[in-house]
Amino acid sequence: MFFRDFPEALTAEITKDGSTALHVAVRLGRADFVRDLLKLMTPAQLEATTHKGNTALSVAAKGYNNLEIVKLMAKINPYLLQMENEEEHSALAIAAINGDEMVFRYLYSVTPPKMLLQSGSIGKRVSNLLTSAARIDAFGT
């Protein structure tokens, strides 16, 4: 009820690192709470980032066994797949770096291939992704 009465609280920073309630709920693995928040949020509100540029999808991709949450957020706002943090890591790269093969494989299946070829440091982006994927042996079929 709080978030219905105060919708601006959905994207308010509630931690020193700039996390919102959604970031924190994802980090704590509170899937039910995350689902409730997502029902109240617009796709654009999911683009809120921490001070280091991490979306809640990026946080979920860090290996908190959040495949269901990752799928929900990616479906609600596919643009999140293209967003990168200050280290130029997308949620896909973060899943690979942190060794969550299931999340990595899912994100790879729904991430637009053009994202890897965006302007900027293409070589760095591809090499980071390949190195990270190799770490989790994600080169199968």
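This is a predicted model: local features need pLDDT of at least 70, side-chain atom pairs count only at pLDDT 80 or more; totals for chains, interfaces and linings use all residues.

A: Let's start with helix α3, residues 31-40, where the buried residues are V34, L37 and L38. Buried here means under 20% relative accessible area, exposed means over 50%, and partly exposed is in between (1.4 Å probe, protein chains only). Helices are DSSP runs (H or I, at least four residues), strands are E runs of at least two, and both are numbered from the N terminus. Looking down the axis of α3, the buried residues fall within an arc of 100°, so they line one face of the helix; that arc is taken from the directions from the helix axis to the C-beta atoms.

Residues are numbered from 1 along each chain as its sequence is written, and side-chain values use heavy atoms, with hydrogens and water left out.

So what does the buried side of α3 pack against? Its partners are α1 (2-5), α2 (21-27) and α5 (67-76), with contact meaning heavy atoms within 4.5 Å.

Now zoom in on α5. The axes of α3 and α5 come within 10 Å and cross at roughly 10°; axes are lines fitted to C-alpha atoms, for helices over the stretch in contact, and angles run from 0 to 180 degrees between N-to-C directions. That makes α3 and α5 roughly parallel to each other (angles under 35 degrees count as roughly parallel, over 145 as roughly antiparallel, 65 to 115 as roughly perpendicular and the rest as oblique). On the α3 side the contact is made by A31, V34, R35 and L38, and on the α5 side by E68, I69, L72, M73 and I76. Sort those residues by type and you get 7 nonpolar, no polar and 2 charged. Ala, Val, Leu, Ile, Met, Phe, Trp, Tyr, Cys and Pro count as nonpolar, Asp, Glu, Lys and Arg as charged, and the others, Gly among them, as polar.

In α5 itself, L67, I69, V70, M73 and A74 are buried. They cover an arc of only 160° around the axis, which puts them on the same side of α5. Besides α3, the buried residues of α5 pack against α2, α4 (56-60) and α7 (101-110).

Stepping back, the protein chain has 8 helices and 0 strands.
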